[in-house]
Amino acid sequence: MGNDRRQRRLVVDEQTTWLWSHRNKRGRDGVWRDALTLYRDGVRVRFVFLAGPAGSGRCTAEGHLWFEGCVADGRGNLLNLREPGVVRALVAEAGRRGLLPGRGGGPVELDGWDLFPAVAAAVDG
């Protein structure tokens, strides 16, 4: 993807379409984060993956273009947040857990690492 800020479409079913985009940046706190943001019917959901401290295994691309969009858990599991299949799996897992807001709900920010193991298993298998 040449433009990280471009919104893409994810059609879940006949009634549900999300617009989504990915961004990798360093926060004011100096910590790198990958954020996958989805929009639907005025609702915003953001899955945030913060780079973990050394030894935590929680890795983000940290500004390196070669791995842009990838997050890894240090156990050999890697997700590319720019792949539609990964986005679909994140939405599905968040939906199963009841984390997605309904219409008119305010913005939601979710810790992507909480969903990582289930999404990695779904994408891998």
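Biologist: Hi! What should I know about the model before I start?

Modeller: It is predicted, so local features need pLDDT of at least 70 and side-chain atom pairs count only at pLDDT 80 or more, while totals for chains, interfaces and linings use all residues. Residues are numbered from 1 along each chain as its sequence is written, and side-chain values use heavy atoms, with hydrogens and water left out.

Biologist: Thanks. In what order do the strands of the sheet come?

Modeller: The order is S1-S2-S3-S4-S7, in an open sheet of 5 strands with mixed pairing. Strands S1 (8-13) and S7 (108-111) are the edges, and each pairs on one side only. On average, neighbouring strands are turned by 25 degrees against each other, direction ignored.

Biologist: What counts as a strand, and as a pair?

Modeller: Strands (E, at least two residues) and helices (H or I, at least four) are DSSP runs, numbered from the N terminus. Two strands pair if DSSP finds at least two bridges between them.

Biologist: And how many bridges join S3 to S4?

Modeller: There are 8, and the two strands run antiparallel. S2 and S3 are also antiparallel, over 8 bridges, and S1 pairs with S2 (residues 16-26) in the antiparallel sense over 5 bridges. If you want landmarks, Ser21 stands opposite Thr37 in S3, and Arg40 stands opposite Val43 in S4.

Biologist: What do the hairpin turns look like?

Modeller: Between S2 and S3 there are 5 residues, and Gly30 in that turn has a positive phi of about 85 degrees. The S3 and S4 hairpin has 2 residues between its strands. There, Asp41 has a phi near 50 degrees, a positive value in a residue other than glycine.

Biologist: Which strands does helix H1 lie across?

Modeller: Helix H1 (residues 84-96) lies across S1, S2, S3 (32-40), S4 (43-50) and S7, at about 50 degrees to S1. Helix H2 (residues 112-124) lies across S4 and S7, at about 85 degrees to S4. Those angles run from 0 to 180 degrees between N-to-C directions, with axes fitted to C-alpha atoms, for helices over the stretch in contact.

Biologist: On to the core. Which residues touch the most other members?

Modeller: Those are Leu38, Phe47, Phe49 and Leu90, in the largest nonpolar core of 25 residues. S2, S3, S4, H1, S7 and H2 each supply at least two residues, and H1 gives the largest share, 6 residues. A nonpolar core here is a set of buried Ala, Val, Leu, Ile, Met, Phe, Trp, Tyr and Cys residues joined through side-chain atoms within 4.5 Å. Buried means under 20% relative accessible area, exposed over 50%, and partly exposed in between, with a 1.4 Å probe and protein chains only.

Biologist: What is Phe49 in contact with?

Modeller: Leaving aside neighbours within four places in sequence, its contacts include Trp32, Val71, Leu81, Leu90, Gly112, Trp113 and Phe116. Contact means heavy atoms within 4.5 Å.

Biologist: Is Gly112 buried or exposed?

Modeller: Gly112 counts as buried because its relative accessibility is 0%. Gly112 lies in helix H2, and besides Phe49 it touches Val48, not counting residues up to four places away in sequence.

Biologist: How covered is S3?

Modeller: Mostly covered: 7 of its 9 residues are buried.

Biologist: What joins the side chains of His22 and Asp34?

Modeller: A polar contact of 2.5 Å. A polar contact is a pair of N or O atoms within 3.5 Å; within protein, one must be able to donate a hydrogen and the other to accept it, and residues adjacent in sequence count only if both atoms are side-chain atoms. His22 is in strand S2 and counts as buried, at 1% relative accessibility.

Biologist: Last topic: how many salt bridges does the count come to?

Modeller: It comes to 4, where a salt bridge is a side-chain nitrogen of Lys or Arg within 4 Å of a carboxyl oxygen of Asp or Glu. One joins Arg33 and Asp29 at 2.6 Å, N to O. Arg33 is buried at 19%, whereas Asp29 is exposed at 52%.

Biologist: And on helix H1, what separates Arg96 and Glu93?

Modeller: Arg96 and Glu93 are 3 residues apart in helix H1, which means about one helical turn. Salt bridges that share partners join Glu93, Arg96 and Arg97 into one network. The side chains of Arg96 and Glu93 meet at 3.1 Å, N to O.
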